[in-house]
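Hello,

Here is the structure I said I would pass on.

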Amino acid sequence: MEVTMPYAKIVGTGSYLPPRVVSNDELAADMATRNIETSDEWIVTRTGIRQRHIADPGVKTSSMAIEAARAAMQDARIAPEDVDLIIVATSTPDFIFPSTACLVQAGLGIKQGAAFDVQAVCSGFVYALTTAEVFIRAGRARTALVIGAEVFSSILDWNDRSTCVLFGDGAGAVVVRASDEPGILGAQLNADGSHMNILYAAGNVSHGSVVGDPFLRMDGQAVFKMAVNALSQSAADVCAQAGVALEEVDWLVPHQANVRILNFLSKKLHIPIEKVVVTLDKQANTSAASVPLAMDAARRDGRIKAGDLVLMQGVGGGFTWGSVLARM
Ligand code: UT7
């Protein structure tokens, strides 16, 4: 008889970044050829971003997700036969259907279990991780691959300087397993669809053509304000839910949109900036991929260790936001 284990624990992480790195200077030079003015100085001062990885034309979200998942599976020392749940968070799926998760399943040679996508834009990873946790704690799955993967460059308007400089491509993955030891201690998800008009890509495909505007549009200042308030409230809520004080958090791993948002958050939560994992200088905003990419970077460089308390946070279009608190 199978014994249900009470916790869901992160036991491996992995990343994939496309090899092409585009610096702010390169981007500015390219935009100058279209008479659009921007500069490394503006981008660094306003956002903290110095470069981003951009997928070559034709590279799909699923192929990056597969690479990140392979790295996470290797890290967790699990085989394809072990995986019984795959959740991919993405806003840039390969196809209308099947889901990117099904493509990942096939690409990894996994024959069993469930696979589906979660669409919560830049909050997608915390939504997907929370979903996996609930499956595992309910005994419906034992070993989940949770992936955030995006080719966000494909939905950017490269003539809109207020958005195109902010984003990049990539994929991050974690393996979550049923465990006797405490792992995910709390999770908190939120949405307020009445703010859908501050961040959206409102086009769709109908009768064989794209209808409406297929590009990402954003009211940056409105998003900035909502992000700081939403994330600080969510951090307090998830810690209260888990009976943990904010001071006990070893690492804050927030969605990587703007270093000024992270500075505000660090001050508001009284979490020193040294405890905030920052990757946006090198990777820009990779939407659903940013949190697992940051997790993996900080685990592999030795910052996040076994036993550490990690607070992951997402925020983005919908409007959506949320937090997951995990003991590593
Ligand atoms: O992942 C989803 C979550 N997304 C976010 O969290 C994004 C949140 N928002 C932000 O990060 C910031 O609001 C931005 C980085 C998007 C913008 O920074 P800001 O300090 O709010 O600048 P702004 O929008 O007020 O623009 C200031 C000026 C404007 O010119 P004027 O009107 O003052 O003449 C813009 O036209 O900067 C101009 N500008 C630029 N200049 C050079 C906007 N984009 C650029 C650019 N290069 N790339």
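**Notes on the structure**

F319 lies in the loop between β14 (309-316) and β15 (320-327). Keep in mind throughout that this is a predicted model.

The peptide bond from G318 to F319 is cis, with omega near 0°. P98 belongs to the loop that joins β4 (85-89) and α4 (100-107). As for phi, N35 is not a glycine, yet its phi is positive, near 60°. You will find N35 in the loop between α1 (24-32) and α2.

The space it takes is the second largest pocket. Which elements give two or more residues to the shell around the ligand? They are α2 (40-47), α6 (161-164), α7 (220-242) and α8 (259-269). Of these, α7 gives the most, with four residues.

There are 22 residues around the ligand, and T38, Q221, H255, N258 and N285 come nearest. By type, the shell divides into 10 nonpolar, eight polar and four charged residues.

- T38: a polar atom of the side chain lies 2.7 Å from a nitrogen atom of the ligand.
- W42: an N or O atom in the side chain is 3.2 Å from an oxygen atom of the ligand.
- G220: here a polar backbone atom is involved, 2.9 Å from a nitrogen atom of the ligand.

How much of the ligand does the protein bury? Taken alone, the ligand exposes 970 Å², and the protein buries 74% of that.

Last, the aromatic rings. A pair of aromatic rings is described by the distance of the centres and the angle of the planes. The count comes to four aromatic pairs. One of them is F116 with F135, whose ring centres are 6.0 Å apart. Why is this pair called tilted? Planes under 30 degrees apart count as stacked and over 60 as edge-to-face, with the rest tilted; the planes of F116 and F135 are at 35°, so the pair is tilted. F116 is in strand β5 (residues 114-118) and F135 in helix α5 (residues 124-137), so the pair links distant parts of the chain, 19 residues apart.

Regards

Key. Residues are numbered from 1 along each chain as its sequence is written. This is a predicted model: local features need pLDDT of at least 70, side-chain atom pairs count only at pLDDT 80 or more; totals for chains, interfaces and linings use all residues. Side-chain values use heavy atoms; hydrogens and water are left out. A residue is near a molecule or strand if one of its heavy atoms lies within 4 Å of it. A polar contact is a pair of N or O atoms within 3.5 Å; within protein, one must be able to donate a hydrogen and the other to accept it, and residues adjacent in sequence count only if both atoms are side-chain atoms. Accessible areas come from the Shrake-Rupley method with a 1.4 Å probe; for residues, only the protein chains shown count as cover. On a 1 Å grid over the protein atoms alone, a cavity is a set of points where a 1.4 Å probe fits but cannot get out, and a pocket is an open set with protein on both sides within 12 Å along at least five of seven lines; lining residues have an atom within 4 Å of a point. A molecule sits in a cavity or pocket if more than half of its atoms lie within 2 Å of its grid points. Ala, Val, Leu, Ile, Met, Phe, Trp, Tyr, Cys and Pro count as nonpolar, Asp, Glu, Lys and Arg as charged, and the others, Gly among them, as polar. Rings of Phe, Tyr and Trp (its six-membered ring) pair if their centres lie within 6.5 Å; planes under 30 degrees apart count as stacked, over 60 as edge-to-face and the rest as tilted.
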